[in-house]
Amino acid sequence: MRRRAADYRRPVRRKYWCWIWALLGLFLVAGLLLFVVQHNQNEDRDGKPVQEMRESPQREAHRVLNFTEELVSTTSLSRQLAEQMTLAKAYVVIAKEHNNLHLAWELSSRIRSCQLLLSKAAKRGEPLTLDEAEPIIKSLSSLIFKAQDAHYDIATTITTMKSHTQALEERANAAIVQSTVFGQLAAEALPKSLHCLNVKLTVDWIKNPSLQQLMEETRYSPRLVDNNLYHFCIFSDSLLATSVVVNSTVSNADHPQQLVFHVVTNGISYGAMQAWFHHNDLKGATIEVQNIEEFTWLNASFAPIMKQPSDADAEPKTWNQKYLSLLDHLRFYIPDIYPQLEKVVFLEDDIVVQKELTPLFSLEMHGNVNGAVETCLEAFHRYYRYLNFSSPLISSKFDPQACGWAFGMNVFDLIAWRKANVTSRYHYWQQQNTDGTLWKLGTLPPGLLAFYGLTEPLDRRWHVLGLGYDMNIDSRLIESAAVIHFNGHMKPWLKLGIGRYKPLWERYVNTSHPYLQDCVAA
């Protein structure tokens, strides 16, 4: 049989079958992959609840471990035990006061058991069970009922606890007063070397009549009333402190011969002050030393401060003579002491001058009397911190948020002072405060009242305070200050003084004086 030609032969069908089997294989592989993926997703869904169920007890255990929450929970046994224990402690005190020692011992024993049980629960991190807590709750409850049957009712308990609270407050207040008194004693204690110096200078003054005559003649110097010069007032009984104020002012002045210092001291320090300033070079500056005991016009009929009690029955803080010293209150009588002067700068004895102060005399005061640095950068230096605003006399006339200011370095326009009659204002408020209800003690509260509306704020750099109590004053602020003030108990001439600031004061002490050298060596 003859073969057909190639063009007329049937096509080969085996190729189609290959393609069919290849497609079937691909579908099979795809199906397997889909099955595997779907199976894994189902396992993840099934696994999450199991994992959450496993984590839930862990979170619950963590929650239980917070024993503080357990104690404040209204449904916990721990809180019930803690409250019963507190009440039992109160009854222990009352039982002891009524000499029921057996009941006090039983309560104390149950309290210790309760404390031990709570401590164990806190350590293991699990809440108390009813089986653990029930015996102690029952025993404590029966003892509390027993105490109530013994007439230790709630009213008695409250009264007793109030009396104990009051007694504790009184003890705390007594401790505060005692601490204050001790601090004042330490601050007032005169170092032996300074006492020695005062004695030597006083002896020198007494034995030297020519010196007394010379100093008497200076009292009539025309420079003392010359308003073309620069006048400074210092009222102090501390010799060395006053000398540092004068020396630092003179050392930083461009023309010290234009400076006049008016010093007022008491009878004890008068001779020593005169002798000291006679022996020391003041670079041409004039100094006048007066004895306050010679101010016969300053008596009880004129100055209300003279009438204030200073007996041993007064408040312990008044034992500190700083608060009742007439020298400290003399600042309110400057126009009476110096009737011919027009403007002065008042300096306290615990300051150090670091820059020229004569520009203070040319400051524009805008009709005000007192130029001072305000201290209300801190909220507690406002009027309400110094004065009793519960008194209508104060609250009706003054703003409790008014800014306070500081004594220590003040410019006083004496012409404006006399016109405003500031001294009479001061007298009025002193008379209103005879019972000490408007303010406690010191010169700043009456100063805030007397100079209210009459104070010109100065740049803060004129007067930096706090070197007698604040150990963290910025060094740059101290360097830029014209006057630094050692207000506080830690005076630089005492052992209490802050070591960081002492060199600022000591560099103006005349250590070359033979008397001072002898006293320090002794």
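1. Is Asn 421 buried, exposed or partly exposed? In this predicted model, Asn 421 is partly exposed, its relative accessible area being 40%. Its phi is positive, at about 55°, although Asn 421 is not a glycine. The residue sits in the loop that links helix H14 (414-420) to helix H15 (422-432).

2. His 366 lies in the loop between strand S5 (351-353) and strand S6 (370-373). With a relative accessible area of 57%, His 366 is exposed, because the cut-off for that class is over 50%.

3. On the overall fold, the protein chain contains 19 helices and nine strands. Of its 522 residues, 44% are buried. The accessible surface amounts to about 30100 Å², and carbon and sulfur atoms account for 56% of that area. Where contacts between residues at least 6 apart in sequence are considered, 75% join residues at least 24 apart.

4. The largest nonpolar core has 63 residues, among which Phe 261, Leu 347 and Leu 357 touch the most other members. Helix H9 (residues 239-251) supplies the largest share of this core, with seven residues.

5. The surroundings of Leu 347 can be set out individually. Leaving aside residues up to four places away in sequence, Leu 347 touches Phe 232, Cys 233, Ile 234 and Phe 235, together with Val 245, Thr 249, Leu 357, Gly 408 and Met 409. Leu 357, one of these partners, is itself named among the core residues that touch the most other members.

6. The axes of helix H8 (residues 209-218) and helix H10 (residues 267-279) approach within 11 Å and cross at roughly 85°. H8 is therefore roughly perpendicular to H10, since angles of 65 to 115 degrees fall in that class. On the H8 side the contact is formed by Leu 211, Leu 214 and Met 215, and on the H10 side by Gln 274, Ala 275 and His 278. By residue class, the contact of H8 with H10 comprises four nonpolar residues, two polar residues and no charged ones.

Note on methods:
Residues numbered from 1 in each chain as written. Predicted model: local features only at pLDDT ≥ 70, side-chain atom pairs only at ≥ 80, totals over all residues. Heavy atoms only, no water. Helix = DSSP H or I, 4+ residues; strand = E, 2+ residues; numbered from the N terminus. Buried < 20%, exposed > 50% of the residue type's maximum accessible area, 1.4 Å probe, protein only. Contact = heavy atoms within 4.5 Å. Areas by Shrake-Rupley, 256 points an atom, 1.4 Å probe, with all protein chains shown as cover. Axes fitted to C-alpha atoms, helices over the stretch in contact; angles between N-to-C directions. Parallel < 35°, antiparallel > 145°, perpendicular 65-115°, else oblique. Nonpolar A, V, L, I, M, F, W, Y, C, P; charged D, E, K, R; others polar. Core = buried A, V, L, I, M, F, W, Y, C linked by side-chain atoms within 4.5 Å.
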